[in-house]
Amino acid sequence: MDGVAAQSDRRASATADLALSLLAGVGARDFQERLALSLKRHVKVDAGLILLYRRDTAPKILFNDWCTDKGLSDIRNYLQGSYRLDPFYRLALDNGDDGLYRLNQIEPSLDRSQYYREYYRHSGLHDEFNIFVTLDTDTKVAISLARRRSHEIFSGADAKFLQTAAPLLSQAVLRHYRDLRPEAIEDQGSLLQSTLAHALKNFGRSVLTARECEIAQLILRGFSVKGAAARLGISPATVKLHRRNLYAKLDISSQTALFSLFIDAVALASNASEDPLITYLGRRGPQMGQRIPN
């Protein structure tokens, strides 16, 4: 159990690191680079792409770190027409649900497909994930993460981390491309970056008790139940009780949902000295629990 718990703690810490890195990058002109670097701190990726898929239009590359050395081709052939055969492209524009997909799961007979014969076998790759994020009915962002044939395929732990990361990536992409319209943002040190520390300190105080706020903040910083208990000098059972209560008040049920809520709330924050949930709740309406006296 200790090994399982340690792995869980590492995954929680990695998820917290990713969430905060994504939040700090939303609105910045190098958002794509920050997103890729944040992921690569936790999952080894040989070839990363961020593509904009629009119906009846060739994909547009938003980010590309493919190395065109021996064994890994460039993607010009893909953009010149091979994309039409790509199972990811077809699924995306057939209104596939947002989330994480693996190439060998959506195309089990890949090595017998026209796409493989004409393009993929020449690419140097042999394992790939895509994360879809819908911007509108005809537009999706696809985050492609691939391994070359000279390296092992993605592990089960990699897949679990990416499954957890997918909702966070989706929220960040939506905020950056659809809501914040980064082309209009001149200051790379945006409001989100400058208020991050304050947002962490103030998050939840308009809805939660003081102790629940402390637990929420420690979760957002990547602390495990045991780590939070040690930090606060209380028992793990008490931490779990507070966590259950704060999740109920925030109308969420998981750590990933807490990260997503935090990203959403901070993206809307207008006053660094207030709980970022105040503006968020004002937009959504009073759907969460009422303020409970400390």
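Helix H10 and helix H12 are among the elements that cover the buried residues of helix H11. Here buried means under 20% relative accessible area and exposed over 50%, with a 1.4 Å probe and protein chains only. Helices (H or I, at least four residues) and strands (E, at least two) are DSSP runs, numbered from the N terminus. This is a predicted model, in which local features need pLDDT of at least 70 and side-chain atom pairs count only at pLDDT 80 or more, while totals for chains, interfaces and linings use all residues. Residues are numbered from 1 along each chain as its sequence is written, and side-chain values use heavy atoms, with hydrogens and water left out.

**Helix H11**

- Val225, Ala228 and Ala229 are the buried residues of H11. Viewed down the axis of H11, they fall within an arc of 100° (taken from the directions from the helix axis to the C-beta atoms), so they line one face of the helix.
- Lys226 and Ala230 are exposed on the other side of H11.

**H11 with H10**

- H10 (residues 210-220) and H11 (residues 225-232) have axes that come within 10 Å and cross at roughly 130°. Axes are lines fitted to C-alpha atoms, for helices over the stretch in contact, and angles run from 0 to 180 degrees between N-to-C directions.
- H10 and H11 are therefore oblique to each other; angles under 35 degrees count as roughly parallel, over 145 as roughly antiparallel, 65 to 115 as roughly perpendicular and the rest as oblique.
- In H10, Arg211, Glu214, Ile215 and Leu218 meet Ala228, Arg231 and Leu232 of H11, where contact means heavy atoms within 4.5 Å.
- The contact of H10 with H11 has 4 nonpolar, no polar and 3 charged residues. Ala, Val, Leu, Ile, Met, Phe, Trp, Tyr, Cys and Pro count as nonpolar, Asp, Glu, Lys and Arg as charged, and the others, Gly among them, as polar.

**H11 with H12**

- H11 packs against H12 (residues 236-249) at an angle of about 105°, with the axes 8 Å apart. That makes H11 roughly perpendicular to H12.
- Val225, Ala228 and Ala229 of H11 meet Pro236, Val239, Lys240 and Arg243 of H12. By class, this contact has 5 nonpolar, no polar and 2 charged residues.

**Helix H6**

- Tyr115, Tyr119, Tyr120 and Ser123 are buried in H6 (residues 114-123). They cover an arc of only 85° around the axis, which puts them on the same side of H6.
- The cover over these buried residues includes helix H3 (76-79), helix H4 (87-93), helix H5 (103-106) and strand S4 (125-136).
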